[in-house]
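This briefing covers a few local features of one protein chain. The sequence and structure come first, followed by notes grouped by topic.

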Amino acid sequence: MQSPLRLAMAVSGWDDLSRKLKMILPLIQDPEKDELIAGMGIQLVQGFPYKETKTAFLFPGQGSQYASMLHDLLEPFPMVRETFDEADAVLAGKMDRPLSAYIFSNEAPEKAEAYLKQTEITQPAVLAADIALFRLLTSLGISPDMVA
């Protein structure tokens with residue numbers, strides 16, 4: 001019986017994911033080739049490092065923000081929209097306009113991005129997005145043992 005495999009990949013999009021997945025099969029068949037993926041954002045390990053596995057959520061911080069982040073999750077997952085609405089309520093009167101108006105701006109992309117580069121907007125925007133993702137994942141039954 002073969003031992004289980006663990007795979008971790010960093011990808012930039014669907015094409016990158018597809019390309020990297022195609023590279024994995026030969027590595028599963030011949031683990032000695034693992035040096036071929038060093039530095040490519042792929043890690044393939046046979047077996048488990050611990051008797052008990054843990055789940056961690058690692059959320060991005062400042063610098064990861066972008067205009068319309070999580071927009072595609074607003075309709076299918078109302079809790080995401082509700083989280084941004086809650087952030088708007090908490091920050092009412094502390095900003096020139098609601099936080100969500102900066103994130104989901106109808107302005108030109110360059111102008112929207114410029115707003116999101118301002119620390120006083122970036123910090124609450126990223127926090128609201130992180131909380132929305134946390135709530136979404138836990139609602140789907142994915143519970144972390146640790147969060148960073």
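In this predicted model, Ser-100 counts as buried because its relative accessibility is 11%, below the 20% cut-off for buried residues. Ser-100 belongs to helix α4.

**Around Ser-100**
- The side chain of Ser-100 makes a polar contact of 2.5 Å with the side chain of Asp-88.
- Setting aside neighbours within four places in sequence, Ser-100 is in contact with Asp-88, Arg-81, Phe-84 and Ser-105.

**Helix α6**
- Helix α6 covers residues 119–139, which is 21 residues.
- From first C-alpha to last, α6 reaches 30 Å, close to the 30 Å expected at 1.5 Å a residue.
- Its buried residues include Ile-121, Thr-122, Pro-124, Val-126, Asp-130 and Leu-136.
- Several alanines are also among the buried residues of α6, namely Ala-125, Ala-128, Ala-129 and Ala-132.
- The buried residues of α6 pack against α2 (71–74), α3 (78–90), α4 (99–103) and α5 (109–116).

**Nonpolar surface patch**
- Leu-5, Leu-25 and Ile-28 form a nonpolar patch on the surface.
- Together these three residues have about 240 Å² of accessible area.
- Leu-5 lies in strand β1, residues 5–9.
- Leu-5 is classed as partly exposed because its relative accessible area is 39%, between the 20% and 50% cut-offs.

Methods
Residues numbered from 1 in each chain as written. Predicted model: local features only at pLDDT ≥ 70, side-chain atom pairs only at ≥ 80, totals over all residues. Heavy atoms only, no water. Helix = DSSP H or I, 4+ residues; strand = E, 2+ residues; numbered from the N terminus. Expected span 1.5 Å × (residues − 1). Buried < 20%, exposed > 50% of the residue type's maximum accessible area, 1.4 Å probe, protein only. Contact = heavy atoms within 4.5 Å. Patch = residues over 30% accessible without salt bridge, like charges linked within 9 Å, V, L, I, M, F, W, Y side chains within 5 Å. Areas by Shrake-Rupley, 256 points an atom, 1.4 Å probe, with all protein chains shown as cover. Salt bridge = Lys/Arg side-chain N within 4 Å of Asp/Glu carboxyl O. Polar contact = N/O pair within 3.5 Å; in protein donor to acceptor, adjacent residues only side chain to side chain.
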